[in-house]
Amino acid sequence: MNSALLIEGLVKRFATGKPAVDRVSFDVPAGEIVVLLGPSGCGKTTTLRCVAGLEHPTGGRISIGGRIVSEPERGVLVSPRERDIGMVFQSYAVWPHMTVYQNVAYPLKYRRSGGGGDIAAKVGDTLELVGLGDYAERPVTSLSGGQMQRVALARSLVYRPQLLLLDEPLSNLDAKLRIRLRDELRRILKQTGMTGLYVTHDQSEAVVLGDRIGVMREGKLLQMAPPDEIYNRPADPFVANFTGASNVLLGKVLERSGDKATIDLGAAGRIEAWTPHQLSTGDKARVALRAENVRLGERGPANVFSGRVIERRYQGMQTVYDVEFGGQRLEALELGTAARHETNREIALTLPPDQCWAYRDEGQAAVD
Amino acid sequence: MKMPQAHLRTPRRNEALTATSAADLPISTDAARPSRRLAAPLWVLALLLLLTFLVIYPLLMLVFGALSDSNPVIDGFGKFSPSAKHFLEVLGNENVHLAFFNALAACGGGTVLAVVIGLAFSWIVVRTNTPFKGFIAGASMVPLFVPPLVAGVAWGILGSPKTGLLNTALKWMNIDFRFNFYSMSGLIIVFGMYYAPYVYMFTASALKNMDPSLEEASEVAGASAFATIFTVTFPLIAPAILAGSLLSFVVMLGIYGVPAALGAPANINVLTTYIFQLTAWSPPLYNTAAAVAILLMAVTAILVWAQQRILSGRSFATVAGKAFRPRSLNLGKWRWFTFSLAMTYLVIVVVLPTLALVIAAFRKFMFFKDFDALFDMRQYSWVHFNSVFDNPLTMLSIWNTLKVGVITAVIGGTLAFAIGYTVFRTQVAGRKSIDMLSTLPVAIPGLVVGVAYLWAWIGLPGGLYGTIWILALAFVARFIPDTVKALSTSFLQIHRELEEAAWICGRGLLGTIRTIVLPLARPGVVASMTLLFVLAIRELGSSLFLYTSDTTVMAVLLLDYYEGGNTGKTAAFSLVQTAILAVLLSFTTWISRETTQSARFN
C-alpha cells in the first residue's frame, strides 16, 4: 500500500445536529502534503482530530501507513500515542514549564518505541532545521509566537513520524510573520520529505503549501485536486465562491455538449461557459466568475456584452467597478494604480468562456 | 435625560478647543468652590480613621499586651511598662513550642491529605466523563459550610476510642481494628477531609482554564496517560496546587473547633486551643495569650504573603488566550470507579457525620450493648432537644446570633461599599492606604482578632466590652477583606462610561452613585452582605473572647454544651445550629439570586 494516510467514508457525529464529518474519503500518498480548506465549522479540524485519534469517529475507516487505526464498525481504535503521528496545534501547545530543549526532547523520552539513539543530537539537528539552534536552553515562555510555533514543529518532527498533522498552525501569528513562516514551513516539510495533512481556512496558505487541496463544507469534502485545478476548474459553486469567484449570473440552460454549456441570461443575451455538471436544457443555472477575469473595455472572440459602470471604487493598487448589463450585475477588477473607466458610461465587456463556470442552480446562498 | 444641561456645557467645550493660551481657558467650576476640594481628602481621612479604629488600634493593643505583664482588668493601663522580656519568655516556653509543632503537624498533615483529595476531585470533575459530575462538584463544596466545631463533635461521636459508633460497628463485624479520632491522626484526617474544597477550588479552575492541546500534544508525542498527568498536567497547575494548599493550611491553622473537639480529650493542644486555654485559666493569662496570638498571626501572615505572591505571578496555564472546551477523558467502565470514589468521600464527609449527630441527639444514652441496639426504637426520644430548649440561654443565643449577623452585614456591607467605591472607582490620593488597611485582616486568624479586641476594649470603662456591638465590630474587621473582594468584581463590571454619562447629564458624584452605581451594583452588594451574614453567624474563633453571659452566641453555646460533656445535648444543639444555618443559607442564596436576576440588564 502506497498511501501514508487513507480515509474511507469517515463519519463523525456529535450528540446533536448534522454530522460534523459526513462520509469523507481521500488519501495522502507518502511525501505529499494535502491541505483541507474551508470556513470555520466545515469539519476540517474534526477530520484532522479523528486522524490524530483525539476525536473518536462514528463511522468509516482510517489507515495510517497501511495499518487500520480506526474503524468503529469493527471496534478498532488505536490510541493517539500508538499512531506514529506528529501534530502541530493552533495554540502551539508548547509546555510552558519546560525549556525549548525539554519540549523537543519530550517525545524521544516518553515514546514507547523511544527511537533510541542520541537524544541530544536529534534535538540539536531538529532545532537547527527550524532555525532555533541557539535557543535550546531558553524557557519557551520567553519566545515570540512565531518561535513557539517553531518549537512545536520541531517537537513533532524530531521523531520522524509517518504522518504530520498541522491544525491551523499559522493562524495565531500576525500577517507578516504568517507569510514568512508559511514559506519556511513548505521548505522544511519538503526537505524532510514529510507526509502532511494540513488544515486551514486561509486560501493563500493552502495554495502555497498543498500538493493537493480539499475544500470542505458542512462536513462534506466537495473537491480534492491540485491547487491550479481548484482555482481554474472548481467542481462546485461553493468551491468557486470560496476561492474568490464572487460574481454570479443567473440564467437558464439552452444547450450543453460535453463540458461546454450555453446559458440564457435573459435581457443580457446568452453566455458560453465551462461546466462540470450534467446540465440539461431548461435547467436553472448559475454562472460564477472572478472579478479579475472580467475584461472591461475589450471585445474578445466570444461572450461580449455591453454594460454600464454604476460605481467605481478606487483602492490604490486596484480599482473595483460595479457593472450592470441587461439586468445582471457584476464586479470587475482592474489592476494597476490608474482607473481608466468612467462611471455612467456605456462600456464593452468580455467574459472569457473558459473562465465562466456554470452550475446547476440549487438555490444555495452564496457564502461571504 | 437632562439635555438642557448638556447643552449648557457644549459652548464651554468649544471655547476651550479654540483657546490659544491657558489664560483664555474658562475657570473650572471645581476650583471656584473650595469646599468641594476638601471633600475628597476629608472622606479619605474618615475612612482611614475608621479602619484604624477597627483594625490598627486592636492590633496595637495586642502588641502592647504581649510586651507587658500588667493585667488590664486589675491594673488598668496606668501601670504599663513595655519590655520584650515577657514576649521572649513566652517564645521560649516549652508548652508554646509543643502547641506550635502540634499545629504544624496537624495542619501540615491535613494539607497533604487535602491536596490528595482536592486534586483527585478536580481531575474527576473537570477531566473525566464520570457520571453525575455536576452533583459531585456541588456536593463536594458542602464541607465548607459545616461549622468546624460541629464537624469535630460529629467525628468525636463516630470515632471516640471507646463509645464511637464506628468502633461499635467494627466490634459487631468482629474486626479487631479500632478507630481513635481523639488523636493527632484523627485531627489530620478531619482537617484533610473538610478543607479539601479549598484545594479543589484552585485546581479545578486551573484545570478548566488549561489549553487542552497541551495535554493532547503530549499524547500525540507518544506519552502514556499516566506520564501525561505527571509530566504535563500537574506541573502546569503547580502554582494553583501550591496556592490552594497554602490557603487550606492557613485556614486550618486558625480553626478552633476541630482541635477543641478532637485534640482536647487526648491533651493535644494546637496554637488556637492553647491561646484559649490561657485566657480560661484563673487568673487568666491575657499577656501570654496575646504573645502566642502574635506568633500565630506572624506564621499566618508569612503564608498568606507567600500565597499572594504565587497568585500574582504569571500562571502557566493561561499562556494561550482563547476559550476552551475542557477535555473530558472517556474512562469507560472505570468511570463507575471514580464515581464510587467520589460517593465514598461524600458519604464519609456528609452522610456519616449527619447520621452520627442524629443518632446521638435522639438517643437517650450513647451506650450500645451491641450493633442491634442501634435499631431499638425505644431508646430514641426528644429528651435532649427538650432540655436544650429548657435552657433559657438557647433562645438567647439564637436571638443574639441573628442580631450580630444583621448588624455585621449592614455595617460591614456599607463600609465595604464605601471602601470598594473609593479604591476601585476614584483616583483620590490615599486610596492605596485604604486598600492596604482593608486587606490587612486577611492575615489575621479569627481567634487573634478576638484576643486583639479583648485587649482593645476590656480595660476601657463603660465601653463596648460586654455588648454585642463588640462582636459585630470584630466580625466586620475580620471579614472586611472578603466583603470588599466580593464587591469589587461587581464594581469592575460596571463600565466607567455609565458613570461618566451621568456626570455629563449633570448629576453630582453622590447622585450618580445613588442613581447609577448602587442600582447596578445591587446584586453584588446583596451577595456580599449575605456572605457577611453567614460568616458572622457561624464564627466561633473571635467570639470566644468577646462574649459574656448576656451576649452569648450559638457557636459559643455549642462549645459550652460540648465542654459540659453531655453528648446528647451537644448533638441536639449541633443539629439545631446546622438547621438554622441551612435555612438562613438557602434563604440568603434565594435573595441574592432574586436580586441578580432582576438586575440582568447590564
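How far apart do the C-alpha centres of domain 1 and domain 2 of chain B lie? In this predicted model, the gap between those two centres comes to 27 Å.

**View 1. Chain B on its own.** Let's start with the whole of chain B. Its secondary structure is made of 26 helices and 0 strands. Of the 602 residues in chain B, 44% are buried. Take the contacts in chain B between residues at least 6 apart in sequence: 79% of them join residues at least 24 apart.

**View 2. The two domains of chain B.** Domain 1 of chain B covers 38-67 + 383-602, and domain 2 of chain B covers 94-288 + 313-381. Where they touch, domain 1 of chain B puts in 27 residues and domain 2 of chain B puts in 26 residues.

**View 3. Domain 1's side of that contact.** Now for a look at who does the touching. On the side of domain 1 of chain B that touches domain 2 of chain B, at least two residues each come from α3 (34-66), α18 (383-390), α21 (446-457), α25 (554-564) and α26 (567-598) of chain B. The biggest giver to this side is α26(B), with 10 residues. Sorted by type, this side of domain 1 of chain B has 16 nonpolar, 10 polar and 1 charged.

**View 4. Where chain A meets chain B.** Finally, the contact between the chains. Chain A brings 21 residues to it, and chain B brings 19 residues. On chain A's side, β7 (85-88) and α2 (100-110) of chain A are the elements giving two or more residues. The residues on that side of chain A split into 13 nonpolar, 4 polar and 4 charged.

Methods: Residues numbered from 1 in each chain as written. Chains lettered and ligands numbered in written order. Predicted model: local features only at pLDDT ≥ 70, side-chain atom pairs only at ≥ 80, totals over all residues. Contact = placed C-beta atoms within 7 Å. Helix = DSSP H or I, 4+ residues; strand = E, 2+ residues; numbered from the N terminus. Nonpolar A, V, L, I, M, F, W, Y, C, P; charged D, E, K, R; others polar. Domains from an automatic or database assignment. Buried ≥ 20, exposed ≤ 12 C-beta atoms within 10 Å, placed from the backbone.
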